[in-house]
Amino acid sequence: MRYVKLGRTGLEISPVILGCMTYGVPERGNHAWTLDEELSRPFLRKALDLGINTFDTANAYSDGTSEEIVGRALKDFARRDEVVIATKTFFRWQKGPNMGGLSRKAIFHSVDDSLARLGTDYIDLLQIHRFDAETPIEETLEALHDVVKAGKARYIGASSMHAWQFAKMVYTSRLHGWTEFTSMQDHHNLIQREEEREMIPFCQDQGIAVIPWSPLARGRLTRDWDETSERQDKDVFGGTLYNATEDADRAVVAAVKKVAEARGVPRAQVALAWVAQRPGITAPIVGASKPHHLDDAVAALELGLTDDEMKALEEAYVPHPIAGF
């Protein structure tokens, strides 16, 4: 495995990250398609065996049970210094006031809860899951800085928001000398490329890592458009992401199929290789609910699409409404 730096930091992460929203108690939260602990552990073990050292979860995934499953598995299968654990805060993780958002109180409380569930003394990458329009960004940014200085997180990152919002936060942190963001986790794949307009160029300019979520469009790029999966049928949030430009998206999916058949590889490898080769991308985040998902993710890193193949995959794209935040 060829490791890469997280933005301008010295932190080495795998060039593909295992997204752990797939792992959690199905009866908890709104992720009925998740795998329970017994079914999840083999995927976390296989990821480590393949050289993946970076794992992304969130306090809101399956009411925190994703963090619990990931934390126990990594403790059993690896040394703490061998792995990079990323989690997120913003969405409500408990009932009651101050159990969501990015106030100082909520951040400190959520971090302590995440540390307990993960069974670790520190989080490698603490990410704000979304922009909080109801809390002054100075309050959020100083709290994140203090979490880092307290040793509870090593680095901070952000996830889907408007580029102007992220720029405002980056420059406010710099103005006050607070800990700066090292990464942006945004929504980017062959049928949702709107982040290429502003967010990704901004991150490139500022040396901020881009670690996209849903690089396979919730599996839609891996199968014919009219095919479905258990997750697609049950994923409430995923159902809001890919409904606006169906005709164009069908054409993109068909292009993925054509390139994959010509190469003699699974479609997932082609779709993921495209993301990995795009300018500014550091490491895509992939989910895995079947063993071959991890094999395809690692193989995609070596696929090396040609310029003509990249063009064929991209030419049917049309502008989309922003989806995911």
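A polar contact is a pair of N or O atoms within 3.5 Å; within protein, one must be able to donate a hydrogen and the other to accept it, and residues adjacent in sequence count only if both atoms are side-chain atoms. The model is predicted, with local features needing pLDDT of at least 70 and side-chain atom pairs pLDDT 80 or more, while totals for chains, interfaces and linings use all residues. Residues are numbered from 1 along each chain as its sequence is written, and side-chain values use heavy atoms, without hydrogens and water.

Reader: Which residue caps the N-terminal end of helix 1?

Author: Helices are DSSP runs of H or I, at least four residues, numbered from the N terminus. At the N-terminal end of helix 1, a side-chain oxygen lies 3.3 Å from the backbone nitrogen of Glu38. The residue supplying that oxygen is Asp36.

Reader: Within what arc do the buried residues of helix 1 fall?

Author: Buried means under 20% relative accessible area, and exposed over 50%, with partly exposed in between (1.4 Å probe, protein chains only). In helix 1 the buried residues are Ser40, Phe43, Leu44, Ala47 and Leu48. They line one face of the helix, because the arc, taken from the directions from the helix axis to the C-beta atoms, is 140°.

Reader: Which exposed residues does the face of helix 1 turned away from its buried side carry?

Author: The buried residues pack against elements including helix 2 (65–77) and helix 10 (291–300), where contact means heavy atoms within 4.5 Å. The face turned away from that buried side carries Glu38 and Asp49.

Definitions and conventions. Helix = DSSP H or I, 4+ residues; strand = E, 2+ residues; numbered from the N terminus.
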